[in-house]
Amino acid sequence: MRVTTTEARTWLRCREEHRWRYVERLVPIGPPAPALAFGSAVHAGLEVWWQHQGRELEGAVFNALKVGMDLGLDGYGLVSVEVMLRRYHKMWGPGQEHWLPVGVEEEFLAERSGYWLAGKLDALVDTASIPTRRYVVEHKTTTEDISAGTGYWRRLTIDMQVNNYLLATGAAGCIYDVLRKPKLTPHRATPEEKRKYRKDGALYAGQYEQDEDLDAWRVRLEEAYDAEPGSWFKRELIMRLDDELVRAGQDIDQLGREIAEARRSPKPQPRNSEACIRYGRPCEYQGLCFGEETPSDGRFHVLDREHQELQP
């Protein structure tokens, strides 16, 4: 029985959400939220970029845009993906030859006590220098402040995903590769009934006659990156001491055994009302928990296995 970090986090967040997703294997029909589609598109570009040690920028952009279009990103989202990848390349392309790719989007399976710890690595790399050391690479996109010393980095001290990657691979550490997204939104045409005009006939600031065109959107994004150079892309090496890995193993083993038992004896689980809203959006299983929907209402489909992102 395989358990992933994402599944363990779901179990910690809400037992009933875990049941709907990993026991009943229900997922909503339809495209992912734009933020998730954006992250997936950027990851698709980084996959190509890291495979070729930063020497295939155009291939990386092409792959990212293809995935973004498949996931329903609009033109503004696609431009955002492209600009981010080109700026990432500008930041990290020089010197990328230091990292020798061993595997990209590499799956792992590690035997634990009563279950298998499974997952997929964004990348696994060796140093080009001697003696060679091996590292896991984890990519993240975020709108949070990623300055040194902020809470973003502090919480990685006990991050489960980093722990599990190091437990499973025996790597020397994890290169946490973060890409920060500007907090900008495209200018949209103000509805006629809400428009307010000055005496000279111009609209008030913050109101627009028409949607912003994609070229103007690209320029604003570029200006945002230029205004704060050095604050958009950061890599930190996250390591664990031996005793920290022991504690990490205890954590995931307890969760893994609990999850394995829940899958062997499926039944309704305790609900957590604190998990009904996340990132300003309702949990996708809220209707099921509230009794307002049933699995057969047509909003969900059933996956053929628990971990669709992994090979059977």
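β4 and β5 form a hairpin, with 6 residues between the two strands. This comes from a predicted model. The pairing of β4 with β5 is antiparallel and runs over 4 bridges. β5 also pairs with β6, here in the parallel sense and over 8 bridges.

**Strand pairing around V136**
- In β6, V136 has C174 as its bridge partner.
- In a regular strand, side chains alternate between the two faces of the sheet.

**Nonpolar cores**
- The largest nonpolar core holds 36 residues. V42, W50, V81, Y88, V125 and F233 have the most contacts inside this core.
- Helices that give two or more residues to this core are α3 (34–51), α4 (57–70), α5 (75–92) and α8 (214–227). Strands that do so are β3 (99–111), β4 (116–127), β5 (134–142) and β6 (173–180).
- The element that gives the most is α5, with 9 residues.
- Another core, of 27 residues, lies apart from the largest one. Its members include F108, L121, V178 and I259.

**Contacts of F233**
- F233 is among the residues with the most contacts inside the largest core.

**Q269, a buried loop residue**
- Q269 sits in the loop between α9 (242–264) and β8.
- Q269 has a relative accessible area of 17%, and it counts as buried because that value is under 20%.
- Leaving aside neighbours within four places in sequence, Q269 is in contact with W11, R15, E16, R19 and A262.

**Y279, an exposed loop residue**
- Y279 lies in the loop between β8 (277–278) and β9 (281–282).
- The relative accessible area of Y279 is 81%, so this residue is exposed, the cut-off being over 50%.
- Y279 and Y135 are 144 residues apart along the chain, and their C-alpha atoms are separated by 31 Å.

Conventions
Residues numbered from 1 in each chain as written. Predicted model: local features only at pLDDT ≥ 70, side-chain atom pairs only at ≥ 80, totals over all residues. Heavy atoms only, no water. Core = buried A, V, L, I, M, F, W, Y, C linked by side-chain atoms within 4.5 Å. Buried < 20%, exposed > 50% of the residue type's maximum accessible area, 1.4 Å probe, protein only. Pairing = 2+ DSSP bridges. Contact = heavy atoms within 4.5 Å.
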